[in-house]
Amino acid sequence: MKKVFLWLVIISIIAVFSLAGCKAEEAAEEPAAEEEAAEEPAEEEEAPAEEEAALDIPLAFSYDPDMAKAILADAGYVDTDGDGLVEAPDGSKIELEVTCPLGWTDWMEAISVISQSAQAAGINLINETPDYGVWNSALTDGSFQSTLNNWAMLSNTPWTAYNLMFNHPIKDIMGSGNFGRYENQEIFDLVDQLAATPMSDKEAMLSLSEEIQTIHLTEMPMIPLWYNGAWAQYSEAVWTNWPTSADDTPDTLPVSWNGYWQMGGLLTLTELELKEGVEPGTGTYPRNETLYISGAAWGPPNDWNPFITWSKANTTGTCGLLYETPFMYDPLTNELTPFLAESGEWTDENTYVMKIREGIEWTDGKTLDANDVKFTYEIGQKFPAIWFANMWNYLDGITLVDDYTLEFKFTDPLYQEWENNLYNIFIVPEHIWASRTEEEVTSGLNENPVASGAYMYEGTGPDRNIWKRNENWWAKDALGLEVAPKYLVDILFSSNNVALGSLLKGEVDLSNNFLPGVAELVDKGYVKTYYPEAPYMVAANTATLFLNTEVKPFDDPAFRRALAFAINTDDIANIAYAGLVSASDPTGLMPHLSDFIVVK
């Protein structure tokens with residue numbers, strides 16, 4: 001038993017030591033395992049994918065086909081079938097038109113350049129030229145895809161251009177702008193705020209212009225492209241002292257188009273001098289008393305009604321030669337000066353006082369006074385079809401202070417629109433117009449017009465309008481002004497080439513036609529122009545490509561912006577216009593309003 005017990009003790013001791021050895025060995029091996037684990041490279045965490053950098057697009061556009069392609073690609077417009085033209089993000093084909101009226105040869109050349117440069121950037125844009133009636137209907141009813149327009153004339157305020165681009169509200173017929181039906185309440189509100197900003201508050205005008213320009217150049221609902229020239233080529237065969245940019249010549253605007261007589265055209269006639277030795281000739285109108293002009297009319301006279309403004313191109317002179325405005329506007333200095341009015345001023349934020357000159361007579365001998373001005377402005381209240389009727393939304397009433405003083409009372413006046421109207425509403429005689437019906441006022445011919453201006457209507461022929469100087473014109477005594485030519489003969493030519501031939505022969509003194517090749521004629525001394533070098537002419541308006549934002553893909557701001565970068569405006573200026581125009585600022589504002597171009 002002792003032996004058995006002894007062996008049990010020995011076996012137990014051996015087991016205990018063996019177990020202890022195992023535990024010690026495990027303990028010795030654990031640090032090694034931890035060290036091995038430490039030596040193994042830790043599993044790398046998955047790196048987040050790098051975000052693709054946003055495309056850096058300049059706010060103000062210029063011709064850059066690579067940028068156009070980058071914008072298109074970034075917005076999902078890619079060429080999926082290899083024909084060089086992009087498809088829409090959904091894979092559908094893009095087929096678009098750019099239009100202008102048939103026969104408008106300079107614009108026809110321009111849209112050809114537009115379509116070619118767009119196609120080079122991958123945009124399938126085809127130029128089409130419907131007749132004028134079809135084009136005009138499509139423009140106003142919104143059935144076009146993209147089209148040219150240049151209705152924003154020279155103006156003393158940037159509001160005029162913005163009102164054309166962003167006219168609102170959107171209606172079935174958009175007759176006053178925003179032809180592409182761009183809907184953006186933010187910019188509508190900004191344009192309205194600008195209209196209500198006093199002209200004296202330039203800081204506010206600049207701030208609002210910056211906001212408008214930023215939205216426009218980001219959204220690009222229409223693309224300003226070039227400045228149409230105020231075409232003016234003049235011969236010195238009979239008349240001299242024409243205005244030019246030189247310091248020693250008159251500082252006036254030599255343009256006879258509708259709407260330009262009261263912006264310098266009339267004053268050009270007061271500066272002209274007859275060249276020595278000119279004989280009267282044997283014609284009906286003595287050559288040494290007659291100024292021959294062309295380029296303002298494209299058809300026989302329509303009417304002599306100053307309220308039907310759109311027809312005045314065919315009877316140019318009705319507004320400016322016959323009928324006159326309270327103020328004149330000089331786009332070369334961007335200043336308004338009193339004309340029929342002796343003065344005009346805001347006496348408080350809602351009251352404007354205008355004083356009319358004494359001693360003015362209508363051509364029938366009756367006196368022109370404040371009653372005629374009041375009557376003319378109130379026609380807009382009486383007949384809503386008159387173009388300035390909207391003014392009565394904020395004009396409460398007109399009070400006659402005396403026979404030559406008027407007080408205009410407003411509620412929330414639109415200062416910019418009001419001051420624009422001061423040189424665009426032509427005053428008519430109450431004693432002639434008061435008995436006329438709405439139809440006669442809004443659409444009547446107004447034959448044998450009685451007016452107050454420097455000329456009276458003499459007659460017409462199959463291809464011309466003739467005006468005779470008003471020898472009793474009030475401005476001779478009141479302002480020391482006298483128009484030099486006794487007669488004006490406004491000729492309608494069958495083509496620009498015929499007009500050019502007559503100009504070179506000295507048969508026409510002033511041509512307001514678009515005449516390619518003027519550069520060579522200026523260099524050889526055959527004609528004079530306002531500037532001696534390209535673009536030769538003062539900017540008259542901005543040609544803008546309106547895009548129908550209700551039509552795909554023009555409903556996409558990225559696509560519209562790409563098109564802006566795709567159009568070669570230098571080719572338009574140099575190829576379509578032979579250097580007679582210059583590319584416009586991207587904002588669309590004309591050079592005389594450059595102080596309001598904030599976004600570069």
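A crossing of two helices is called left-handed if the near helix is turned anticlockwise from the far one by less than a right angle, and right-handed if it is turned clockwise. Helices (H or I, at least four residues) and strands (E, at least two) are DSSP runs, numbered from the N terminus. The structure discussed here is a predicted model, in which local features need pLDDT of at least 70 and side-chain atom pairs count only at pLDDT 80 or more, while totals for chains, interfaces and linings use all residues. Residues are numbered from 1 along each chain as its sequence is written, and side-chain values use heavy atoms, with hydrogens and water left out.

Two packed helices are described by the angle between their axes and the distance between the axes. Axes are lines fitted to C-alpha atoms, for helices over the stretch in contact, and the angles run from 0 to 180 degrees between N-to-C directions. The axes of helix α6 (residues 185-195) and helix α7 (residues 202-219) come within 10 Å and cross at roughly 155 degrees. Angles under 35 degrees count as roughly parallel, over 145 as roughly antiparallel, 65 to 115 as roughly perpendicular and the rest as oblique; α6 and α7 are therefore roughly antiparallel to each other. The crossing of α6 and α7 is left-handed. Contact, meaning heavy atoms within 4.5 Å, is made here by Glu-186, Ile-187, Leu-190, Val-191, Gln-193 and Leu-194 of α6 and by Met-205, Leu-208, Glu-211, Ile-212, Ile-215 and His-216 of α7. By class, the contact of α6 with α7 consists of eight nonpolar, two polar and two charged residues. In this division Ala, Val, Leu, Ile, Met, Phe, Trp, Tyr, Cys and Pro count as nonpolar, Asp, Glu, Lys and Arg as charged, and the others, Gly among them, as polar.

A second pair of helices is formed by α3 (residues 105-120) and α17 (residues 569-576), whose axes come within 9 Å and cross at roughly 145 degrees. The crossing of α3 and α17 is right-handed. On the α3 side the contact is made by Asp-106, Glu-109, Ala-110, Val-113 and Ile-114, and on the α17 side by Asp-571, Ile-572 and Ala-576. The contact of α3 with α17 has five nonpolar residues, no polar ones and three charged ones.

Buried means under 20% relative accessible area, exposed over 50%, and partly exposed in between (1.4 Å probe, protein chains only). In helix α2 (residues 65-74), the buried residues are Met-67, Ala-68, Ile-71 and Leu-72. They cover an arc of only 135 degrees around the axis, which puts them on the same side of α2; the arc is that of the directions from the helix axis to the C-beta atoms. Asp-66 and Asp-74 are exposed on the other side of α2. The buried residues of α2 pack against α16 (557-566), and just after α2, Gly-76 takes a positive phi of about 95 degrees.

Helix α14 (residues 496-504) buries Ala-499, Leu-500, Ser-502 and Leu-503. They cover an arc of only 165 degrees around the axis, which puts them on the same side of α14. Their packing partners are β5 (233-234), β8 (290-294), β18 (510-511) and α15. Just after α14, Gly-506 has a positive phi of about 80 degrees.

The backbone also deserves attention. Most residues other than glycine have a negative phi, and most peptide bonds are trans. Asn-178 is found in the loop between α5 and α6; although it is not a glycine, its phi is positive, about 45 degrees. At 0% relative accessibility, Asn-178 counts as buried. Another cis peptide bond, with omega of about 10 degrees, joins Ala-534 and Pro-535, and Pro-535 is in the loop between α15 (518-523) and β19 (539-547). Asn-446, in the loop between α12 (438-443) and β15 (455-461), has a positive phi near 60 degrees and is buried, with a relative accessible area of 7%.

Finally, Val-598 lies in the segment after β20 (582-583) and is partly exposed, with a relative accessible area of 28%. Not counting residues up to four places away in sequence, Val-598 touches Leu-206, Ser-209, Glu-210 and Gln-213.
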